[in-house]
Amino acid sequence: MLLRLRTGLAGLDYDAILGIAKELGYEHRFLDEARTLLELRGQPRAGARGRLEENAAVAQVLDSSDAPELHERRGRPDTLVRVRAAAFGRSQASLIAGPCAVESSERLFEIADAVRAAGATLLRGGAFKPRSSPHSFQGLGTEALAWLDEARARTGLGVVTEVLDPRDVDRVAVVTDVFQIGSRSMGYAPLLQEVARVGKPVLLKRGMAATAREFLLAAEYVLAAGNEQVLLCERGIRGFDNTTRNVLDVGAVAWLKKHTHLPVVVDPSHAAGRADLVPALARAGIAAGADGLIVEVHPRPCEARSDGAQAVSYADIARIAAEARAILALDGRTLSSLQGPAPTPGTATDDNRRAPRKEPACDVR
Ligand code: PEP
Ligand code: MN
């Protein structure tokens, strides 16, 4: 059973209603931060509903079948998800940027410095890569996680990295500030429940063939497991036209902002599939109401081990941040920023002491 409580209740009101619930043999938990949705679990007792309904703190008693879903806005203000210096929701937006995959410590630290200077507050980078082919590069795993940890210590950027397998959740949790759930895993309930249990924010990418409703129901798994820190990520859906890698569903971004209180992040990189279109899709995402962007960046795309064609340059990520700031300002919103200089870099690792590799022909960007 679900109780919708009145807003602005005092501690004594909560004590009274929780006392009655206990007396009736129910276990309870609050489903939202504002403590207005109270779930009661246990065998229904005769007369229980009436006793709860007559309590002044209770606005409505709902059966499970008419209970509102947890993602629904229903007049709720935006959920604000804060991660270190980043904030998503209400009047704040944030930029997540970095390589598709972590490739070496040296390259990761260089990209981290560049995206920090451009205005990102979170660093993305895959240690476990969900590739369409089992023969493609699958990520460097544990080694890459350690470099992400070091990149955070050097720059102050928070870390966003994907977890693919429920068995890896605990070791990814040690390093990441935000769990990324990839498009290919969106509907995998055991993984969603396992990450929810950790209590860290979850960046949930929309399945490439998922409807907006299916996307929200996947988020519902995380919310129902007691974790409200969900960032919905629109990354483009499959269309009939492969001119762009996917079709950025800006209509869904605008709709999601009305229908749910959860923050929405746009990934223009996987939507476009080509670097030259990424700035335009980033602008469109923010203009449609997104609370943040996640963008792939690489200085030498021809060397990238995954998604090189869609990786933007250092100059472009700085431009994307500047344009996002300008569009956000039209709505009275701001892009979060890291204050002050980067922390003093740690001592050089073996990897960045090594002589630079002989580079194949590739324009430095
Ligand atoms: C990624 O972010 O690199 C990625 C694989 O994204 P998606 O799950 O959206 O394809
Ligand atoms: Mn990628």
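**Rings and cores**

Author: Tyr14 is buried, at a relative accessible area of 9% (buried means under 20%, exposed over 50%, partly exposed in between, with a 1.4 Å probe and protein chains only). This is a predicted model, where local features need pLDDT of at least 70, side-chain atom pairs count only at pLDDT 80 or more, and totals for chains, interfaces and linings use all residues. Residues are numbered from 1 along each chain as its sequence is written, and side-chain values use heavy atoms, with hydrogens and water left out.

Reader: How many aromatic pairs does the structure hold?

Author: One. Tyr14 and Phe30 sit edge-to-face, 5.6 Å centre to centre with 80° between the planes (rings of Phe, Tyr and Trp, taking its six-membered ring, pair if their centres lie within 6.5 Å; planes under 30 degrees apart are stacked, over 60 edge-to-face, the rest tilted).

Reader: What lies over the face of Phe30?

Author: Arg35, at 4.6 Å from the ring centre. Arg305 lies over the face of Phe137, at 3.9 Å. The criterion is NZ of Lys or CZ of Arg within 6 Å of the ring centre and within 35 degrees of the ring normal.

Reader: New topic. Which residues touch the most other members of the largest nonpolar core?

Author: Leu95, Leu204, Leu232 and Leu293, out of 75 residues. Such a core is a set of buried Ala, Val, Leu, Ile, Met, Phe, Trp, Tyr and Cys residues joined through side-chain atoms within 4.5 Å.

Reader: And Ser269, buried or exposed?

Author: Ser269 is buried, with a relative accessible area of 0%.

Key:
Chains lettered and ligands numbered in written order.
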